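Biologist: Could we go through this structure together? I would like to start with individual residues and then move to the overall fold.

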Amino acid sequence: MVTSIASKTLSRLFLFTHKTPLAQTLCTLTKPSEAQTQKLERIADELLSLSKLEKYDYNILLRHKMGLNRYGPAAVGLQSGAVSSGPATEVQEATEKLVFDVKIEKFDTSSKIKIIKEVRSFTDLGLKDAKALVEKVPVVVKKGLTKAEAEAISEKLKAVGATVVLE
């Protein structure tokens, strides 16, 4: 049943496109010139020659260039769930951070060696680089972490005597 409907639709489309010149079916305010028609035909042929993965990548690139998100521009303000309390709730949800930086604000001088060892454990720095980094306090020791990773590192540094802030 589905194939008969699809084949009828395709046959109508095929007949329609071959009866009417392409220049007459294009929706432009003015009559398209031969150069515009050829350009559009070339673009359509190139798009049809792409593989599935290339079409997907093209789709993402085109949406990005047009400024659309995954659901289009109208879905940006939509929220799921109950009625919100107003614009303050929307702003608060929009500003929820997803990426965190771990910053050492200060530390006890007696625990400097322990902090250097801990910094070396979660970075790929050598002893000299880790010591230089810790001595530059206040300093960001790790960037671009998820909340769970950042909290784990923060707890380790606090356990050895550092004052840590998540940014």
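Biologist: Is leucine 166 buried or exposed, or partly exposed?
Modeller: In this predicted model, leucine 166 is partly exposed, because its relative accessible area is 31%, and the limit for a buried residue is under 20%.

Biologist: Where is leucine 166 placed, and which residues is it in contact with?
Modeller: Leucine 166 lies in strand β3. Leaving aside neighbours within four places in sequence, leucine 166 is in contact with Phe100, Asp101, Val102, Ala150, Glu151 and Ser154.

Biologist: How many residues apart are leucine 166 and leucine 145 in sequence, and what is the C-alpha to C-alpha figure in space?
Modeller: Leucine 166 and leucine 145 are separated by 21 residues in sequence, and their C-alpha atoms are 9.9 Å apart.

Biologist: Ser154 was among those contacts. Why does serine 154 count as buried?
Modeller: Serine 154 has a relative accessibility of 4%, and residues under 20% are counted as buried, so serine 154 falls in that class. Serine 154 belongs to helix α8. Not counting residues up to four places away in sequence, serine 154 touches Val164 and Leu166.

Biologist: On to the core, then. Which members of the largest nonpolar core touch the most other members?
Modeller: The largest nonpolar core has 20 residues, and those touching the most other members are Val102, Ile104, Ile115, Val119, Val141, Leu157 and Ala162.

Biologist: Which elements each supply at least two residues of this core?
Modeller: The strands are β1 (100–107), β2 (139–145) and β3 (162–166). The helices are α6 (112–122), α7 (127–135) and α8 (147–159).

Biologist: What does leucine 157 touch?
Modeller: Setting aside residues up to four places away in sequence, leucine 157 touches Val102, Ile104, Ile115, Glu118, Val119, Phe122, Val141, Ala162 and Val164.

Biologist: Now the helix packing. At what angle do α6 and α8 pack?
Modeller: The angle between α6 and α8 is about 160 degrees, and their axes are 9 Å apart. Angles over 145 degrees count as roughly antiparallel, so α6 is roughly antiparallel to α8. The crossing of α6 past α8 is right-handed.

Biologist: Which residues meet there?
Modeller: From α6, Ile115, Glu118, Val119 and Phe122 meet Ile153, Lys156 and Leu157 of α8.

Biologist: And α6 with α7: why are they described as oblique?
Modeller: The pair packs at about 120 degrees, with axes 9 Å apart. The roughly perpendicular range is 65 to 115 degrees, and roughly antiparallel applies over 145, so α6 and α7 are oblique to each other. Here too there is a right-handed crossing, in which α6 passes α7.

Biologist: Which residues of α6 and α7 meet?
Modeller: Lys112, Ile115, Ile116, Val119 and Arg120 in α6 meet Leu127, Ala130, Lys131, Leu133, Val134 and Glu135 in α7.

Biologist: What about the peptide bond from valine 137 to proline 138: cis or trans?
Modeller: The bond from valine 137 to proline 138 is cis, with omega near 0 degrees. Most peptide bonds are trans. Proline 138 is in the loop between α7 and β2.

Biologist: A different region now. Where is lysine 55 found, and what does it touch?
Modeller: Lysine 55 is in helix α4, which spans residues 52–66. Apart from residues up to four places away in sequence, lysine 55 touches Leu47, Leu48 and Leu50. Lysine 55 is partly exposed, at 39% relative accessible area.

Biologist: Finally, the whole chain. How many helices and strands are there, and in what order?
Modeller: The protein chain has 8 helices and 3 strands. From the N terminus, the order is α-α-α-α-α-β-α-α-β-α-β.

Methods
Residues are numbered from 1 along each chain as its sequence is written. This is a predicted model: local features need pLDDT of at least 70, side-chain atom pairs count only at pLDDT 80 or more; totals for chains, interfaces and linings use all residues. Side-chain values use heavy atoms; hydrogens and water are left out. A nonpolar core is a set of buried Ala, Val, Leu, Ile, Met, Phe, Trp, Tyr and Cys residues joined through side-chain atoms within 4.5 Å. Buried means under 20% relative accessible area, exposed over 50%, partly exposed in between (1.4 Å probe, protein chains only). Helices (H or I, at least four residues) and strands (E, at least two) are DSSP runs, numbered from the N terminus. Contact means heavy atoms within 4.5 Å. Axes are lines fitted to C-alpha atoms, for helices over the stretch in contact, and angles run from 0 to 180 degrees between N-to-C directions. Angles under 35 degrees count as roughly parallel, over 145 as roughly antiparallel, 65 to 115 as roughly perpendicular and the rest as oblique. A crossing is left-handed if the near helix is turned anticlockwise from the far one by less than a right angle, and right-handed if clockwise.
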